[in-house]
Structure formats: structure tokens, C-alpha cells
There are 2 protein chains.
Amino acid sequence: MTGTYVSISRLRIAPDRVAALIEAFGNRSGDVEHHDGFIDLQVLQSDRDPGDVLMISRWRDRDCFTAYMKSEDHRRSHARIDPELRKAIKLQALEHLHVVAE
Amino acid sequence: MTGTYVSISRLRIAPDRVAALIEAFGNRSGDVEHHDGFIDLQVLQSDRDPGDVLMISRWRDRDCFTAYMKSEDHRRSHARIDPELRKAIKLQALEHLHVVAE
């Protein structure tokens, strides 16, 4: 929907750890889904560069996203990630966008 | 949905032409929406850098996207863009990805 807020995290990960990332994602707490304004969250993998992974979340507006990022649920969700896996993931870029047409 | 194919075109445009881009997008032929496997198409604008614009389209699989890109509808859709506007838009990067988790 026009006005939707979109956050894109670009991750760099060794391609042989992507399966572990997907498994950890599948076992996540899921609390994010109950936060006000949450629309969806997807993990995407580049076809050409399998170590290039995007996490795209969509929210009703930026305030909803910001409230989640400051929440205890977000802190807890990240704390659950296996430290070894966390070390294998580098955040390359964080983008904040709005849907302006569709 | 897992397996969904996602194409991201990153455009660079003078911020004062973004309104014209959105208008042209709103007046598009819309033929893409009738192509097999088309899911949706969104235009996103960066919050921090208003000249940084993404066009994200989602498809059932890569073959559907490729078939559309080779179609007469795609050719015609691009030919409809005002030449002056087209000159103001630079394609910076094209990414091909698949949804691996959600």
C-alpha cells in the first residue's frame, strides 16, 4: 500500500551458513508479528551472489517500525540468535524506504 | 511465499523528477499485471536519499519474470515513457533474488 514503510537489511554471510540462518529464522520467537503495524518479513537470497541476503520488513508506518526496534521483544529476538551464527553475519547496509506507488 | 522471485531495480533520479516518475507509473499500461505469475510491483523511495528509488516486482518464479521481460508488452510499456523523463532516470543496479524464508 502507498505509504507503507519498508526496512531492508543487507547481510553478508558465508554461503554455507545460509541454511543455518534460515533455520534460525524459522525458529524465531515470532513476537514481531504481533506488533502494531507489522505487515510482513521476508528473507531474500541473491541468485548471483548466494552470500548476499536481504531481510525486508514492511510496516504501516515508520513509527510502528521504530516502536518495535526499541521493544524488549526485538532485544530478546536478537539475543536468541546463536552467537556463532551471529558472528558469521555482517550487516552491510540498512535502508529505510516508503512505498510511493504501486 | 518461499520461492517467490523478486527483481529489484535501483534507479537514480533527480529528486525533483520523482513526482513525474510516480505520475508516469500511475499512467502505465498495466499490462504487466495480466502476465502469468505476476504478484505485485511497488516503487519505493529512500527516506534519507530521495533520489534513490527502487522498483520491486515479485513473481511466482524466475521463468515468469523472464517471459515478461521478453514480451512485446514490456517493450511497449517502456516505449511509452516520456523520453525526457527516461533520460533523467539512471538504472544503478539490478538485483535478482528469491524469497528463502518468511
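The structure is a predicted model, with ipTM 0.93 and pTM 0.93. It holds 1 cavity of 30 Å³ or more, and residues from chains A and B line that cavity. There are 0 disulfides over all chains.

**Confidence**

- Chain A has a mean pLDDT of 95, and 100% of its residues reach 70 or more.
- Among the elements of chain A, strand 1 (residues 5–13) has the highest mean pLDDT, at 98.
- The lowest mean pLDDT among these elements, 91, belongs to helix 3 (residues 72–79) of chain A.
- Where pLDDT is low, predicted coordinates should not be read in detail.

**The cavity**

- The volume of the largest cavity is about 140 Å³.
- From chain A, the lining takes in A:V6, A:D40, A:Q42, A:L44, A:I56 and A:R58.
- From chain B, the lining takes in B:V6, B:D40, B:Q42, B:L44, B:I56 and B:R58.
- In chain A, strand 2 (38–46) and strand 3 (52–59) each supply at least two lining residues.
- In chain B, strand 2 (38–46) and strand 3 (52–59) likewise each supply at least two.
- By residue class, the lining divides into 6 nonpolar, 2 polar and 4 charged residues.

**Cysteines**

**A:P50**

- A:P50 sits in the loop that runs between strand 2 and strand 3 of chain A.
- Its relative accessibility is 35%, between the cut-offs of 20% and 50%, so A:P50 counts as partly exposed.
- Leaving aside residues up to four places away in sequence, A:P50 touches A:P15, A:V18 and A:Q45.

**B:H74**

- B:H74 is part of helix 3 (residues 72–79) of chain B.
- With a relative accessible area of 16%, under the 20% cut-off, B:H74 is classed as buried.
- B:H74 touches B:Y68 and B:M69, again not counting residues up to four places away in sequence.

Technical notes: Residues are numbered from 1 along each chain as its sequence is written. Chains are lettered from A and ligands numbered from 1 in the order in which they are written. This is a predicted model: local features need pLDDT of at least 70, side-chain atom pairs count only at pLDDT 80 or more; totals for chains, interfaces and linings use all residues. Side-chain values use heavy atoms; hydrogens and water are left out. On a 1 Å grid over the protein atoms alone, a cavity is a set of points where a 1.4 Å probe fits but cannot get out, and a pocket is an open set with protein on both sides within 12 Å along at least five of seven lines; lining residues have an atom within 4 Å of a point. Grid points are joined across faces, edges and corners, and a volume is the space filled by probe spheres set on the points. Helices (H or I, at least four residues) and strands (E, at least two) are DSSP runs, numbered from the N terminus. Ala, Val, Leu, Ile, Met, Phe, Trp, Tyr, Cys and Pro count as nonpolar, Asp, Glu, Lys and Arg as charged, and the others, Gly among them, as polar. Buried means under 20% relative accessible area, exposed over 50%, partly exposed in between (1.4 Å probe, protein chains only). Contact means heavy atoms within 4.5 Å. A disulfide is a pair of cysteine sulfur atoms within 2.5 Å. pLDDT is the predictor's confidence in each residue, from 0 to 100.
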